[in-house]
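Good morning, and thank you for coming. I should like to take you through one structure, beginning with a single helix and ending with the ligands.

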Amino acid sequence: MIIAIASGKGGTGKTTVATSLALSLPHRPLTFLDCDVEEPNAALFLRPTIETQERVGVLVPEIIAERCTYCGRCAEVCRYHAIAVVGQQVLVFREMCHGCGSCALNCPTQAIREVVNHFGSIELGHAGEIAFGQGILDVGQPLAPPIIRQLKRQALTPARREGVVIIDASPGTSCPVVESLRGADVALLVTEPTPFGLHDLRLAVEVARDELGLPVGVVINRAAARGAAVRGADAGDDGVERFCAEQGVPVWLRIPLDRRIAEAYSEGLPLVRALPRYKDQFLEMYQQMMKHLAASRVLRGVP
Ligand code: SF4
Ligand code: SF4
């Protein structure tokens, strides 16, 4: 069971939800992957022991000048515009290269050799009984999806897939999120009851449910008591609740606006360690999620 936890924007409490869910579930094996590779911070809360660290990268082209005829074929076949031929010069934009190898394959004079361009690291370890993995993109590197792919490939052995896997996705709705969500069984979308939260939730539902076809559910963080408006700096409304009702998206958990939760976060303390009574709520949320998945399988005729 792979549960991907995402949010349409940063700062909604996605990591709080992901780490608290991991610490609440008794299921084993349980794996936690921090796929927010541009800013991985789940380790601050789970405090894992890192056992292996590996540099990762892609193969990028290097031009052998004496063999190059400047025919331009490599630039023509590159879907990512990572290579250009300008007069008697071949320019390679390494940071845009996805390492697909098309340019080398199509070069008529074998003037391209491939060299490794490292762009980040993958760390694997354990936080107690929880298997932990995180990807860390090097500063200034723009390509998050390959490192997310590689992290998932290395950490998700068949045995681990048999258990519960919690994926803390990147915030937003762009390629890193799509890569984090790919292959998940369900997407848990964390939002807040504000117009911004609603706007980004709409986008997150479009990507996770409408484009990737995943069952989705919502956690409303910093929620008011049901039926009441949130007051103060985070002044909210019931737009998120109405949207979820209209779209048939279940709300599996509401976490109230509570200063103690913010204080725990600032101290690097997981929510369920600071306020242990929330463990039952996270467990209940997991059970609701499983029921929802079972029901949607029946509806879709999946055995
Ligand atoms: S395809 Fe090969 S020969 Fe043609 S410009 Fe590119 S590197 Fe040079
Ligand atoms: S390896 Fe692929 S992405 Fe990179 S420059 Fe060559 S064709 Fe473009």
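Predicted model: local features only at pLDDT ≥ 70, side-chain atom pairs only at ≥ 80, totals over all residues.

Let us begin with helix α8, whose buried residues are Gly197, Leu198, Asp200, Leu201, Ala204, Val205, Val207 and Ala208. A residue is called buried if 20 or more other C-beta atoms, placed from the backbone, lie within 10 Å of its own. Helices here are DSSP runs of H or I with at least four residues, strands are runs of E with at least two, and both are numbered from the N terminus.

Residues are numbered from 1 along each chain as its sequence is written, and chains are lettered from A and ligands numbered from 1 in the order in which they are written.

What covers the buried residues of α8? The cover includes the strands β1 (2-6), β9 (186-191) and β10 (216-223), together with the helices α7 (175-181) and α9 (239-247). Contact here requires C-beta atoms, placed from the backbone, within 7 Å.

The length of α8 can also be checked. Its 17 residues, 195-211, should span 24 Å at 1.5 Å a residue, and the end C-alpha atoms lie 23 Å apart, which agrees. The expected span is 1.5 Å times one less than the number of residues. Just after α8, glycine 213 adopts a positive phi of about 70°.

Turning to the whole protein, we find twelve helices and eleven strands. Of its 303 residues, 42% count as buried. An automatic or database assignment gives domain 1 (2-54 + 119-300) and domain 2 (57-118). Their centres, taken over C-alpha atoms, are separated by 38 Å. Four residues from domain 1 and six residues from domain 2 make the contact.

Finally, the ligands. Ligand 1 is surrounded by 14 residues, the closest being Cys68, Cys71, Arg73, Cys74 and Cys107; a residue belongs to such a shell if its C-beta atom, placed from the backbone, lies within 6 Å.

Which residues are closest to ligand 2? They are Cys78, Ala82, Cys97, Cys100 and Cys103, within a shell of 14 residues. Strand β3 (49-63) and helix α4 (102-106) each give two or more residues to that shell.

Notes:
Buried ≥ 20, exposed ≤ 12 C-beta atoms within 10 Å, placed from the backbone. Contact = placed C-beta atoms within 7 Å.
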